[in-house]
Amino acid sequence: MKGNSKRLPRGPLLQLDEQRTGWEYMADEILTKVKEWKRAKRFVEPVDMRRVPNYKEYVKKPVCLSEVQARLRRGELSGPEELASLLEEVIAQAEAFHAPRSNALRSSEALREARSLRKPLASELHALRSTWEDGRVEEGFAPGLVGE
């Protein structure tokens, strides 16, 4: 290192500024873990429109888990309800695109994986909402992740 400058360790929470609320830190942690789940793998990055050129015929405003997390980190989400809505949109988009093709093995797998995210995500978001409403978020309370 040159001079007296110190390098801070990198990590998802260090990208957030000091103005962020407790629920945002918890939501960021949840999204980081969800993106590691095997069944969430195909929903982490945006759909490659070169490989799936007709995707926008079914999904007008595509959203993926990485985009949801980026919006959270930029402070664009108003609360856990908006986060829940965006996560449901990720699943709904997979259903809209893959359901008509569910006889194809790849589409039926994608559909099954998308639908399998609903219950663990709902559980995580319920815990996040509860702690936020109870005021326990600022104390560092963090629910366990049940997804995988």
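I began with Asp 28, which is buried at a relative accessible area of 0%. My burial classes are buried under 20% relative accessible area, exposed over 50% and partly exposed in between, with a 1.4 Å probe and protein chains only. The model is predicted, so local features need pLDDT of at least 70 and side-chain atom pairs pLDDT 80 or more, while totals for chains, interfaces and linings use all residues. Residues are numbered from 1 along each chain as its sequence is written, and side-chain values use heavy atoms, with hydrogens and water left out.

**Charge pairs.** I took a salt bridge as a side-chain nitrogen of Lys or Arg within 4 Å of a carboxyl oxygen of Asp or Glu. The count by this rule is seven. Asp 28 pairs with Arg 73, and their closest N and O atoms are 2.6 Å apart. This pair links helix H1 (Asp 28) to helix H3 (Arg 73), across 45 residues. Helices here are DSSP runs (H or I, at least four residues), numbered from the N terminus. Arg 73 is partly exposed, at 22%.

Next I checked Glu 95, which bridges to Arg 118 with closest N and O atoms 2.9 Å apart. That pair joins H4 to H6, 23 residues apart. Glu 95 is buried at 18%, whereas Arg 118 is partly exposed at 30%. I also found a network: Arg 71, Arg 74, Glu 76 and Glu 82 are joined by salt bridges that share partners.

**Helix H3.** Which residues of H3 are buried? I listed Leu 65, Ser 66, Val 68, Gln 69 and Leu 72. They lie on the same side of H3, because they cover an arc of only 160° around the axis; the arc uses directions from the helix axis to the C-beta atoms. Their cover includes H1 and H4. For contact I used heavy atoms within 4.5 Å. Glu 24, in helix H1, is buried at 8%. Glu 24 touches Leu 72, Gly 75 and Leu 77, leaving out residues up to four places away in sequence.

**Core.** A nonpolar core is a set of buried Ala, Val, Leu, Ile, Met, Phe, Trp, Tyr and Cys residues joined through side-chain atoms within 4.5 Å. The largest has 27 residues, with Val 68, Leu 83, Leu 87 and Leu 128 making the most contacts inside it. H1, H3, H4 and H6 each supply at least two of its residues, and H4 gives the most, with seven.
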